[in-house]
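Welcome! Please take a look at the structure below, and then read on for a short tour of a strand and some charged side-chain pairs.

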Amino acid sequence: MEKNNSKLFAREIVNCIKDKQGEDITLLSIGERSIICDYFIIASGNSPIQVKAIADSVAEKCKELGRNVFRVSGYNEGLWVIVDLLDIVIHIFSPMERDYYNLEGFWKDVSVEKIS
């Protein structure tokens, strides 16, 4: 997928996460430094139930917009759910896991956009 289309779709996903009261949403332009994907979206939910609800909403939005979800990881635990769309990877964390894994710190050399 073209990078501009990826960014537009990333914005749709960000809005979807905001609708589910996801917090501390961050968009990282990973494609600047890696070939693994164009963007990471990182967000937090306050409980495993909210983390799963956000992941469900993202999957529904992808289906609505005709995008395939390549893989979902961590859903059963609801502490760190990864929704992989290939060009965009969405990381939905509980606050403690987000602090521990600190993906923003690992990818500190890429463009970062704080959404909320």
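## About the model

This is a predicted model, in which local features need pLDDT of at least 70 and side-chain atom pairs count only at pLDDT 80 or more, while totals for chains, interfaces and linings use all residues. Residues are numbered from 1 along each chain as its sequence is written, and side-chain values use heavy atoms, with hydrogens and water left out.

## Strand β5 and its cover

Let's start with strand β5, residues 88–93. Helices (H or I, at least four residues) and strands (E, at least two) are DSSP runs, numbered from the N terminus. Six of the six residues in β5 are buried, where buried means under 20% relative accessible area, exposed means over 50%, and partly exposed lies in between (1.4 Å probe, protein chains only).

In a regular strand, side chains alternate between the two faces of the sheet. In β5, one side carries Ile-88, Ile-90 and Ile-92, the other Val-89, His-91 and Phe-93, and both faces are covered.

## Partners of β5

Two strands pair if DSSP finds at least two bridges between them. Strand β2 (residues 39–44) runs parallel to β5, with six bridges; here Phe-40 has Val-89 as its bridge partner.

Strand β4 (residues 80–84) is antiparallel to β5 and joined to it by five bridges, and Ile-82 stands opposite His-91. The hairpin of β4 and β5 has three residues between the strands, and Leu-86 takes a positive phi near 75 degrees there.

## Salt bridges

The structure holds six salt bridges, each a side-chain nitrogen of Lys or Arg within 4 Å of a carboxyl oxygen of Asp or Glu. One of them joins Arg-98 and Asp-24 at 3.7 Å, N to O. This pair links distant parts of the chain, with Arg-98 in helix α3 (residues 95–101) and Asp-24 in strand β1 (residues 23–28), 74 residues apart. Arg-98 is buried at 6% relative accessible area, whereas Asp-24 is partly exposed at 33%.

Asp-24 also forms a salt bridge with Lys-114, with the closest N and O atoms 3.8 Å apart. Lys-114 lies in strand β6 (residues 112–114) and Asp-24 in β1, so this pair ties together parts 90 residues apart in sequence. Lys-114 is exposed, at 53%. Asp-24, Arg-98, Glu-104 and Lys-114 are linked in a network of salt bridges.

Glu-64 and Lys-61 form a salt bridge at 3.3 Å between the closest N and O atoms. Both lie in helix α2 (residues 48–64), three residues apart, about one turn of the helix. Glu-64 is exposed at 58%, while Lys-61 is buried at 19%.
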